[in-house]
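Start with the structure below.

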Amino acid sequence: MRHNREPQTLVPAPRCPGPLSGPGRTRHAWVRCTVLVTLLVLLLAGLMAPAGQAQGAGGGSSEEQAAASATAQATAEQGSAEASGEARLSAREERAAAKQAQRQAKREQQEARRAARSRRSASRPVQNSSRLRIQGDVHFSCIAVTWQFMNFPAEGTNKIQTSIRIYGEGNGTQPTTIPGSFTFEGSSYEATTPLQAPPGEYKIDAWAKWNGNGLKGSFDILGRLTCSATPGFTVEKLQRIAGDSGSFTSAPITGELGDTVDYEIVVKNTGNVPLSFGSEDVVDRNCGTISGGPVSGTLAVGASATYTCTHVLEEVGSYPNKAEVSGIPPTGDGPPITHISNTVVAEVPLPPALPAPAFALEKLQQIAGTGGSYTSSQLSGVVGQTVDYEIVVENIGNVPLTLSSFSDPQCDEGTLAGGPEGGAALPVGASTTYTCTHVLNAADGSAGSYTNTVTLTGDPPGGEGSPVTNNSNTVVVSVSPSANGNTLSSTSSAGATGVLSSTSTGSPSKSGVLAFTSATLPLLKGPQGCVRHDFRVSLKAAGVASVTFYLDGHKLRTLTAKNAHKGLLTLLIDPDKLKVGTHKLTAKITMKHTGSTKAKQGTRTVRILRCSSAALTPKFTG
Amino acid sequence: MRMQLAAGARGRGALFCLLATLTMAATATPAHAGPPATVAMLARLSNLRTVTRWAYPNSEALVHTYPSPGSHVIGQLRFLTVDSQAELYVTLASARMSSGQTWIKIELPARPNGQTGWVPRSALESLHMVNGYLLVDRTTLRATLFRNGRAIFSAPIGVGKPGTITPPGSFYVLEKLVTLNDPAYGPVALGTSAYAPTLSEWPGGGIVGIHGTDEPQLIPGRPSHGCVRMRNADIMRLWSLISVGTPIEIT
C-alpha cells in the first residue's frame, strides 16, 4: 500500500511502525513499513545552492524565523537567569545549561536553514521549470524488501544505491548488510531485494540514495520484523532441442520428428527455511527418467537446483509439458508444498510433403458356384469349373496413383473388369477392385495345380515420385480332371461379392467366355454404414441385359439396359420399413449374349445396415 | 512402406519392433494347414494424430490377438453399437503374411479399454480417413480438437468425479447423436469407444460419452460419472467439427 501525501517540508525520515499484529493479519504476515518520501526537492546538481546564497535569493522563511526565535529565546532565558540572581543553580550549572540551550537553538536553526535551502532550491526554475516530486515506497517482509521509486526523470538513466541492514533483536547477532544498486530508465521502477530472514525478531534499516541525472536525494527507513517459518520455492521448466547451441528457454520451440527435447526443471528456495526434495517428489509424466536435483536432497534458503529429463518427439503437433514438484519443510515448519511449473511447448510441424507413392495389392479367389467366399488360401477345383478372382488395390501412399500395366497370366482374356472408373487415378486412401475369371482347363488338370500372381504399376502424377510396381500374393489352385461333362450353375453367395455362373451345359470353352464383351459381372455398389433414408445401389450397365434386385429374398424390381443412366443401373430404396440390423440386398444379373453364346447369369450381394435414428437418449454414464 | 514416411523415425522403429513381434508370434502360432505364416510386409495405417484410417465391418469376423487364425480370439466385429448406430473400427496397421493374406490391426471398442486385435482384411469395408484428434485433458479440464496438427477448437469440460473417473487412454468417436428426452445430455452427444472403469452395470455397459449438460455451472469441474460434459454451445460446435472415427486421447 502506498501512502500518498502532499509534499511536505520534511526531511526527517518517517519512522516505521513496529511489528504488526492484530485482526486480519497472519502470525507471520510480513511486517510492512510503507514510507512515502516526498521530496519537494531537487535538483539539478548545479542548482544545489549554498545556504547563504539561497538565503540571499529567497529571503527569510518561517523556519528561519522559528530558528531565530528559538535562539533568541535561549539567549533571553540565559540573560534573564543571570540578571535576576534568583537562580537556584550554581553558576557552573547555569553556564552549562546556557551552553546547552545555545547548542539546541543552534541545531534547530541549522535544521530550519537546511529545510529552507531545499525548498528554495526546489522552487527555483530547473531547466524546464518543472517541479519534481520524488516518491519512494518500501515494503518489508521476511522474504524480501520491495522498493518502489516514482516520479524520477523520464529521460536519462537513474541510478540508485541501496543498503539493507538487518540484525536480530536481543540475541547479540552481528548485523548483516545487503548492499544493492538499481539502474533504470523511465520515471518509475520497482525492485526487490531478497531477504529470506530465518525465523526470529529483527530490526531492519533500509536506505536508498541517488545522485545523478540531475537529482540528489535519499531516504532511510527503519522497521521491525517478526519472522516465522515461511517455506516457499519456485519451479520453472525450460527446454531446448538436444544439440542446439542456444540456451534453455521457457518459450515454444520447434523440432522435427525424432528430435530429442532436453528439459530442465529449476527449483529455487524462496522461503526462509531449507526444503527437502526426494526423487519421488518430482513428477513429469511426459518426460523420461528424471535426474539431478539438490546434491544432498536439501535445498538451502536462497539456493537453486536443477533436474533434467528428455523426451523424443514422436508425433506431429504440439507437445506441451510441465512438471509437478513437492518440497518438504523441516518438521514443524509446515506441510509439504507442491507447485506445478509453467508449461513449455515443443511444436512439431508436418514434415515436408515428400511424395510417397505406394499401394497394397492383394489377390483373392473362389470357385464359382460353390457358395464360398473369396480367400487367398489354396483352393481345389476340377476341370471345367470357373475360378473367380478379385484383385484389391489400396492406395496407401500420399499421392494419387494411375494404375496401369495390369498383368495376370491366369485371367482369361476378356474377363478383366473393374478398377477405377474411367481409368481415373486412385485417390489417396481409396481402394478399388479388379475382377477376372479363369476356367480350369485340361492343361490345368494335367499340371495338377497352378499358381497365380498379379503385377500392377501405380503411376504418380508428374514430379511426385517414380512409378511403383508391385506383385500381389500368389494364390494356388489344385486342379483335378473333370469326371464328366458337368453342369455348372451357381447359387447366390453371401457377402459383398458375387459369382458368375453359366446356363450352358458341359465344360464352357475359353472361346465361349471370350464371346462376351464384358463377361464378368459388374460389382454391386451400395451404401456403407447406416441407412436411414432413401439410398441407392448401382452397378455398371456395360454388358448387362437385365438385373433383378432382391432385399432379404423379396423381389424389389427388375431393370434392363434401357434403364441405364450415365452408364449405371441404379435402384433407389426406401429403408423405412426395414428393421434395425443387417439386411442382404442381392442383384441377379443377366449378361448380354453375343454371337453364338448364351446369356450368363450371376449374383452380386451387398449388406445393408439399417440403424435406428440418431436422435435418441444415449446410454452413456452421464 | 512409404506410408511410414509420415510417421517419422519413431514410427519406423515401432513398426520394426511390431514386425519382429508379429513374426515371432505368427511363426509360434500353430497353423491349421500348411507352413506357419510370417509377416512379409507391415504398414502403419494410422498415427492417431494427423492420419487415422477407420472402416465399417464387412462381417462379424473374429478378432485375434495376432494376424493368424490360430491365435487367441479376443472379440468379434459387430455391425451395431449399443445405440443401434453403425459400429466402426479404427485401423492401426496392416500386415501381409507370407501366405498372402492381409490382416488389419484394429482398436476394439470394448471393455476393458485399450484392447487391440487383428482381423482379416476382408472383414472390413474400404478405409476412411480423418486428419485430426481430440485431446481431453483431465488436468486442465479442457478438450482441444486438432486438425492436421493445429488446434481448431478448445473448450472447458467436466470429467468424472473420484470413484467414477473418466478413463485415460486412446479411444475414438463411434457415433454422433442428437439427444432426446434428457436435458442432462444437452442437445447433441458423441459416443466413444471408451468404457467407464467402474460402471459396468450401467445401461449400455458404461459407455463414456461426450455431451452437453443442463448444469453448465459445474463446468469446468469433476462432476460426472465418467462422461465428458461440455457447455451446450461448446458441444454443438465440437459436434459440427468432428467426424466419426476421430481419435480421442484422454490424459
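The contact between the chains draws 46 residues from chain A and 63 residues from chain B. Two residues are in contact if their C-beta atoms, placed from the backbone, lie within 7 Å. This is a predicted model: local features need pLDDT of at least 70, side-chain atom pairs count only at pLDDT 80 or more, and totals for chains, interfaces and linings use all residues. Residues are numbered from 1 along each chain as its sequence is written, while chains are lettered from A and ligands numbered from 1 in the order in which they are written.

**The chain A side of the contact**

- Four elements of chain A give two or more residues to the side that touches chain B: β20 (359-367), β27 (468-480), β34 (581-591) and β36 (615-616).
- Strands here are DSSP runs of E, at least two residues; helices are runs of H or I, at least four residues; both are numbered from the N terminus.
- β27(A) supplies the largest share of that side, 3 residues.
- By class, the side of chain A that touches chain B holds 24 nonpolar, 18 polar and 4 charged residues.
- Nonpolar covers Ala, Val, Leu, Ile, Met, Phe, Trp, Tyr, Cys and Pro; charged covers Asp, Glu, Lys and Arg; the others, Gly among them, are polar.

**Pairing across the chains**

- β36(A) runs parallel to strand β12 (residues 169-179) of chain B, joined by 2 bridges.
- Two strands pair if DSSP finds at least two bridges between them.
- Within this pairing, A615(A) sits opposite V178(B) in β12(B).

**An open sheet in chain A**

- Strands pair through backbone hydrogen bonds, either parallel or antiparallel.
- In chain A, 4 strands make an open sheet in the order β8-β10-β15-β13, with antiparallel pairing.
- β8 (233-241) and β13 of chain A are the edge strands, each pairing on one side only.
- β8(A) and β10(A) are joined by 9 bridges, and I241(A) has V261(A) as its bridge partner in β10(A).
- β10 (residues 260-269) also pairs with β15 (residues 304-312) of chain A over 9 bridges; T260(A) stands opposite V312(A) there.
- β13 (residues 291-292) of chain A meets β15(A) over 2 bridges, with G292(A) facing Y307(A).

**Chain B overall**

- Chain B contains 2 helices and 17 strands.
- Of its 251 residues, 52% count as buried.
- Buried means 20 or more other C-beta atoms within 10 Å of the residue's own; exposed means 12 or fewer, and partly exposed lies in between; C-beta atoms are placed from the backbone.
- Among contacts in chain B with a separation of 6 or more, 61% join residues 24 or more positions apart.
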